[in-house]
Amino acid sequence: MSALRFEPDDKYNAFLAVCKEPKGGSGKLSGIPVAVKDNISTQGIETTCASKILKGYIPPYDAHAVALVKSAGAAIAGKTNMDEFGMGTSTENSAFGPTLNPRDTGRVPGGSSGGSAAAVAAGMVRMALGTDTGGSIRCPAAFCGIVGLKPTYGRVSRYGLIAYANSLETIGPMAANVSDVSLLMSVIAGHDKHDATSQDRPYTHTPSADIKGTRIGIPQEYFGAGVDPAVAAVVKKAIGRLEELGATTVPCSIPSMEYALAAYYVICTSEASSNLARFDGVRYGPAVETKKSWHAAFQDARREGFGPEVRRRIMLGTFALSSGYYGKYYAKAQVARENIRKDFARLFADVDVLCGPTMPTIAFRLGEKSDPLSMYLSDILTVPVNLAGIPAISVPCGTVQDMPVGLQIMGRPFEDERVIDVAYAYEQGGQP
Amino acid sequence: MSENPPADAQVVVGLEVHCQLDTKSKLFCGCSTDYRDDGPNTHVCPICLGLPGTMPMINKKVIEYAMKVGKALNCEVSEESEFSRKNYFYPDLNKAYQITQYDKPLALGGYVEIEGDDGKERKIRLTRIHVEEDPGRLVHMGNAERGRYSLVDYNRAGIPLIEIVSEPDMRSPKEARKFLNKLRATLEYLGVFDSDKEGSLRVDANISLKGSERVEVKNISSYKGVEKALTFEVTRQKNLLRRGLKVDRETRHYLEARGITQSARSKEQENDYRYFPEPDLRPLRVKSWVKDIALPELPDARRERFVTQYSCSLNHARTLTGELKMANFFESVVAQNKDACALAATWIADTLTGELNYRDMGIESVDPAKFASLLALLKAGTITDKSGVEVLRVMLDEQHKGETVETPDVIVKRLNLARTSGDDGVLLAAIQEVIRENPKAIEDYKAGKKGALNFLVGQAMKKTRGRSDPGELNTLMTKALSGLE
């Protein structure tokens, strides 16, 4: 229908590809430009996962979520920057340069959906699709001061999402406010016959700010060691505001939390080592040297094409799955995961949602986290949700040093509506 | 070396059989499986190419077929099974992993009954049956080692396979062949398998002499090949032992054209496939479904029925039911000639099978109606057995050359094959002629030499070109000779 012009002033390196004249149609999202994270397949638009190994790859098909967004009338504005293959918490691990945080260009936007978050935060697009494997939507939403929802696993089809860790990740909506997140969610949720893990649970919700009687659990682990006291204070204040709005709070504990990070990194690297094996230079990306034998050629292509963080995770996962170590790592991680799931189920028998900070700190400075382990540790508050497959949203709830802080609201499986409502209530009545 | 087994040690064979299930679409996508006459990479989609972001969806028909096979082979179909990824790098492996079943296969146990080398029915136990996808195919320009390049064809990628793994229960290459034949027959009866399709069956065989190391022969792609490869291995391994050498545990390839096996380059170390459950597929639960899986009549039941219903001999029944098409052919012939069961059994199991094999033709090229009318001519005594064979050969040759196949009636008339009989004078004339031409034999006969009569009857038979009945000719000849005395 409408022919748009989209030429953002991208001072933040938020976009890897821009569609200058995106076509929209009619529908719920008519005329709205939507940015899409570069690990979600878009027909005819280069999709690289911010990796050299996929440079030049133009998918011949649309991801299910993209097809839905298009058929709702939205215009695909471009592909957003990210940590290579979603591996990172800062969007510094992009092969095409880091994205800068629009709130402070000396800081990272968070990751791995940092490009999507920055594009929204800078006002270049109204909405964006991100993906969340261990917090990749919520973290940049928190760091950039926008709203991001990680839906229940299975609620949004993953078909077309270039897999990093299948059992953990999901596509989700990002926008400046809860209503837009809810609107985008209503377009992308639902069953897809191409995704065997997708559920027939459409989302037709309109956010409601009425949270009277909602019981909110406050896990002590979300305010423990490693969480910046200033961030904790802002989040506690936000939770106090929710109480004023009619919710009651209950202190609680997730004992399995201490294993969450370890389990998460074993599972995501294991799955990644398998998922990324197909990038061998035979079918996409820079062509392999054909004069060499197969395995030598694959090795060269992968050494050249993958960045250091991706190589590190592939090696970790390969090790964790190898015979003799499978039982020691992968199988154990699955047990830990099951315990986390059970812990959440136990808590959700008593409370409707859980609240805490999204990230333990505000956005770090570019280059600040130079060793991988300290970067991994910053995922501690987001990964349990992915292990359990439950929904969680990050909504801005104040600032520390002028940088935004995110309030994370986690809910029961398939109660995405409820976490949206709590976020909406805070957003509408948050500032007293 | 003293612990080496004796050179006449017992042969132990176990098979891993990959069969392509004959579904219309592939295992994880909607692409057609009917690619054999089409160009490379014409039956592909993002899913079976393994493009980034694609996900597998299970084709229910494949699972239904696999469960049928499980039930038919007396396996226990697992209420819950699971798909796993088998990770390895190979240019024709689109995702760099194959989706297969590992520690939770669809079916466990079971057996296949065969006629053992001792003539007794034997049960060959099965370990498991699992479902998996076929990878693509490489076409080497030149050869794999020194070719200039290789091309990849993904038409085959995603074709549904089942792998049937047997216990090491076979005691000879011949038993292995019988096992495969029975397996093929069962799969065909189930309507889940087309053995005519190229590459529809591939076998890895494990063979050892009792007490000695096991050798795996990989990628045998024909029924005959299995018996040949194993026979070669038995001889090779026995020879090694006879010379006091030991059999190495190794993988060997079967070279079809030369009928030998050849050591595959020994790998530096065992492949680690890093199996783990496929995260994109949920466990397969078939508890209520498996009960609804109905089985058709299977080869053993049909063989028994042929014995009781048509009074076939056990041997004939076995041959006739060994292939679905053969069994169906027999029954449609018999349906048109109800009182010619015995004749039909002999003629199909022995004569027709031999003539078809000689011409490398399949039973489907024979029209049951025409064959039935040939049997009718035989039954009515219109032609002799010998002429019957001649008529059959004419029919098959016409079919082979792509000509219109004449009816047996027309052929009999055209070639003047109708049986002569005593009163049409032809036989008597022939006999008189033979008597005239063979005075020496007449003398011998008169001198009491028994063989002379047979010779004379034979000569007369020749003159009637097989149209006469040997018994009748014998009587007539004896009568004519007695007239001479």
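Tutor: In chain B, the charged end of Lys123(B) sits over the ring of Tyr111(B), 4.4 Å from its centre. The term applies if NZ of Lys or CZ of Arg is within 6 Å of the ring centre and within 35 degrees of the ring normal. This is a predicted model, where local features need pLDDT of at least 70 and side-chain atom pairs pLDDT 80 or more, while totals for chains, interfaces and linings use all residues. Side-chain values use heavy atoms, without hydrogens and water.

Student: Over which ring does the charged end of Lys86(B) sit?

Tutor: Over that of Tyr273(B), 4.4 Å from the ring centre.

Student: How is a pair of aromatic rings described?

Tutor: By the distance of the centres and the angle of the planes. Rings of Phe, Tyr and Trp (its six-membered ring) pair if their centres lie within 6.5 Å; planes under 30 degrees apart are stacked, over 60 edge-to-face, the rest tilted. The count over all chains is 25 aromatic pairs. Phe6(A) and Phe15(A) have ring centres 5.6 Å apart and planes at 70 degrees, so this pair is edge-to-face.

Student: What about Phe85(A) and Phe306(A)?

Tutor: Their pair is also edge-to-face, at 5.9 Å centre to centre and 65 degrees between the planes. The two residues are 221 residues apart in the chain. Phe85(A) is buried at 2% relative accessible area, and Phe306(A) is buried at 4%.

How values were computed
Residues are numbered from 1 along each chain as its sequence is written. Chains are lettered from A and ligands numbered from 1 in the order in which they are written. Helices (H or I, at least four residues) and strands (E, at least two) are DSSP runs, numbered from the N terminus. Buried means under 20% relative accessible area, exposed over 50%, partly exposed in between (1.4 Å probe, protein chains only).
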